[in-house]
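Student: I'd like to go through this one term by term. Can we set each label against its rule as we go?

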Amino acid sequence: MIYVGVRDLKAKLSEYLDKARLGDEVIVTEHGKPIARLIKEPSKQKTTIEKMYLLAEKGIIQLPSKEKKSKSAAPLTIKSKISASEILLNDR
């Protein structure tokens, strides 16, 4: 919890808004007495991670497993008569 006087708040408003945005509670005082507080606005929009977990719970997607892939697996190679650049240019 951070206490700040009105004069200091006016001088450094952006700084105190950043502190509130990061989760600190900023108490505004006038003559040493609390008159207001700045707090982080709860987000009504879900984060990407929250959305992914909801989709996984519904069975729409499957989250990646925590098992690490083997480093010994060889990268996928494709043999072609034309280069990747030519394929891209033809695709455009």
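Student: What makes Glu 30 partly exposed?

Tutor: Buried means under 20% relative accessible area, exposed means over 50%, and partly exposed is in between (1.4 Å probe, protein chains only). Glu 30 comes out at 41% relative accessibility, so it counts as partly exposed. Before we go on: this is a predicted model, where local features need pLDDT of at least 70 and side-chain atom pairs count only at pLDDT 80 or more, while totals for chains, interfaces and linings use all residues. Residues are numbered from 1 along each chain as its sequence is written, and side-chain values use heavy atoms, with hydrogens and water left out.

Student: Where does Glu 30 sit?

Tutor: Glu 30 is in strand β2. Helices (H or I, at least four residues) and strands (E, at least two) are DSSP runs, numbered from the N terminus. As for the strand itself, four of the five residues of β2 are buried.

Student: Which residues does Glu 30 contact, apart from its neighbours within four places in sequence?

Tutor: Contact means heavy atoms within 4.5 Å. With those neighbours set aside, Glu 30 touches Val 6 and Ile 35. There's also Val 4, which is 26 residues from Glu 30 in sequence and 8.7 Å from it in space, C-alpha to C-alpha.

Student: Why is His 31 called exposed?

Tutor: Its relative accessible area is 79%, so by the cut-off you already have, His 31 is exposed.

Student: How do you know that β2 pairs with β3?

Tutor: Two strands pair if DSSP finds at least two bridges between them. β2 and β3 have five bridges, in the antiparallel sense. For instance, Ile 27 has Arg 37 in β3 as its bridge partner, and Val 28 stands opposite Ala 36 in β3.

Student: And what makes β1 and β2 a pair?

Tutor: Strand β1 (residues 2–5) and β2 share four bridges, this time in the parallel sense. One of the bridge partners here is Thr 29 in β2, which goes with Gly 5.

Student: Why is the pairing in the sheet called mixed?

Tutor: The three strands form an open sheet in the order β1-β2-β3, with mixed pairing: β1 and β2 are parallel, whereas β2 and β3 are antiparallel. β1 and β3 stand at the edges with a single partner strand each, so one side of each has no neighbour in the sheet. From one strand to the next, the twist averages 35 degrees; the axes are lines fitted to C-alpha atoms, for helices over the stretch in contact, and angles run from 0 to 180 degrees between N-to-C directions.

Student: How do you know that Arg 37 and Glu 25 form a salt bridge?

Tutor: A salt bridge is a side-chain nitrogen of Lys or Arg within 4 Å of a carboxyl oxygen of Asp or Glu. The side chains of Arg 37 and Glu 25 come to 3.2 Å, N to O, and they meet that rule. Arg 37 lies in strand β3 and Glu 25 in the loop between α2 and β2, so the pair ties together parts that are 12 residues apart in sequence. Glu 25 is at 24% relative accessibility, so it counts as partly exposed.

Student: How many salt bridges are there by this rule?

Tutor: The count is three. Asp 18 and Arg 21 meet at 2.5 Å, N to O. Both lie in helix α2 (residues 13–21), three residues apart, which is about one turn of the helix. Asp 8 and Lys 12 meet at 3.6 Å, N to O.

Student: Why do Asp 18 and Arg 21 get their accessibility labels?

Tutor: Asp 18 has a relative accessible area of 39%, so it is partly exposed. Arg 21 has 52%, so it is exposed.

Student: What is the order of elements in the chain?

Tutor: From the N terminus, the protein chain runs β-α-α-β-β-α-α, with four helices and three strands. Of its 92 residues, 9% count as buried.
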